[in-house]
Amino acid sequence: MRKIDVFDTTLRDGEQSAGINLNTAEKLEIARQLEKLGTDVIEAGFPASSQGDFEAVRKIAQTVQSSIVTGLARAVKSDIDTSWEALKYGAEPHLHIFLATSPIHMTHKLKKTPDQVVEIAVESVKHAKKHFPLVQWSAEDAFRSDPDFLVRIVEKVIQAGATTINLPDTVGYATPAEYGAMFNYLKNNVKSIDKVKLSAHCHNDLGMAVANSIAAIENGADQVEATINGIGERAGNAALEELAVALHIRKDVYNFETAIQFQEIKRTSQLVSQLTGMAIQANKAVVGKNAFAHESGIHQDGMLKDRSTYEIITPELIGETSNQLVLGKHSGRHAFKNKAVELGFDLTDEKINEAFKAFKTLADKKKQISEDDLYIILTDQQIQEDD
Ligand code: KIV
Ligand code: ZN
């Protein structure tokens, strides 16, 4: 099995979600949990962006021991020097420099020629290497860049000392086949590519961030960048928990492994949601409230006979206590009777049938039936049975 490194950017790209603002204590709490989760790299923030982020990154670099701590910097000396002051405490100081390489970004945003961009990239990496043993260089908007220009600039930054090359799909535009092909092209055309770690960074604008990240791994990426609950700019980043669980559950096809401690997933997801104030959509894969909930009678009956009928991931894997058979209008008698026993009722079949009828009538009027509703219905039958 090939080991894939997980680079968590919840505290940097994730925090770039509209409406999120974490203070140092909150960032530190999340970083500690990400360390427990087993992430290889934690991007703690963007030290040159604000004094608050500088302090948070410094505190995290001083505290976290078993994950590498990094921070983001533009390809300018002042950002790199500021980042060093925040990150120098780490056991293996790591810096993440980015510079746009697509014609759209070079022309409209940077207002630089491709030659000037190559020069800036090389100078910034050389400068970073004066301090940092580990330097990741990201070609922002790599997916919309000219592949031969990417080959040229990547070769140069590797020669300048970069240790990881990241090829982001910054605007979430790629399809899995295209994103995979870009990795394949660089693998085959950059002479020094085997000297560095190759990284994938996907945004979710078209809902393909996780699929694109897996396509990159299949085409040679050694690292995937992701956020907890998929938070991030616009529609977010690849969701770390989905990626790790997908690789694990489908190891029969992928043959890749990560160091993620699955039983920490639920706790991490809840913590990030609570501290960022970003709710998790109920039907979100792996960590959504309904990810292990079964409502229809046919599904509930199957689950009660054998969980493998409708469950491909066990809730226990991610540290969730149990699955849920939610009682609603689609539920069947089997799940209803089970719930009655669980609630301590021992009714005859006739009374269960009566209670089930009453439950169905109520379920037609209410979206979800609470335990209190069930108590009332079942107690009613219990009283009649006792009379
Ligand atoms: O999406 C992106 O291109 C980024 C870079 C800064 C790596 O987040
Ligand atoms: Zn990004």
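The pLDDT is the predictor's confidence in each residue, on a scale from 0 to 100. This is a predicted model, in which local features need pLDDT of at least 70, side-chain atom pairs count only at pLDDT 80 or more, and totals for chains, interfaces and linings use all residues. Residues are numbered from 1 along each chain as its sequence is written, and chains are lettered from A and ligands numbered from 1 in the order in which they are written.

**Figure 1. Overview of the chain.** The average pLDDT of the chain is 96, and 100% of the residues score at least 70. The model has an ipTM of 0.99 and a pTM of 0.91. There are 15 helices and 12 strands, taken as DSSP runs (helices H or I, at least four residues; strands E, at least two) and numbered from the N terminus. The C-alpha trace spans about 90 × 40 × 40 Å along its principal axes. Of the 387 residues, 45% are buried (20 or more other C-beta atoms within 10 Å of a residue's own; exposed means 12 or fewer, partly exposed in between, with C-beta atoms placed from the backbone).

**Figure 2. The annotated region, residues 4–266.** An unreviewed UniProt entry gives these residues the annotation "domain: Pyruvate carboxyltransferase"; such annotations may be inferred rather than shown by experiment, and their positions are given in the numbering used here, with feature names shortened. Over residues 4–266 the chain is 44% helix and 18% strand, with the end C-alpha atoms 21 Å apart.

**Figure 3. The shell around ligand 1.** By class, the shell holds three nonpolar, five polar and two charged residues (nonpolar: Ala, Val, Leu, Ile, Met, Phe, Trp, Tyr, Cys and Pro; charged: Asp, Glu, Lys and Arg; polar: the others, Gly among them).

**Figure 4. Helix α13, residues 333–342.** Ala335, Phe336 and Ala340 are buried in this helix. Seen down the axis of α13, the buried residues lie within an arc of 140 degrees, so they line one face; the arc is that of the directions from the helix axis to the C-beta atoms. Their cover includes α12 (297–305), β12 (324–325), α14 (349–365) and α15 (371–386), with contact meaning C-beta atoms, placed from the backbone, within 7 Å. Just after α13, glycine 344 adopts a positive phi of about 95 degrees.

Note on methods
Near = placed C-beta within 6 Å. Contact = placed C-beta atoms within 7 Å.
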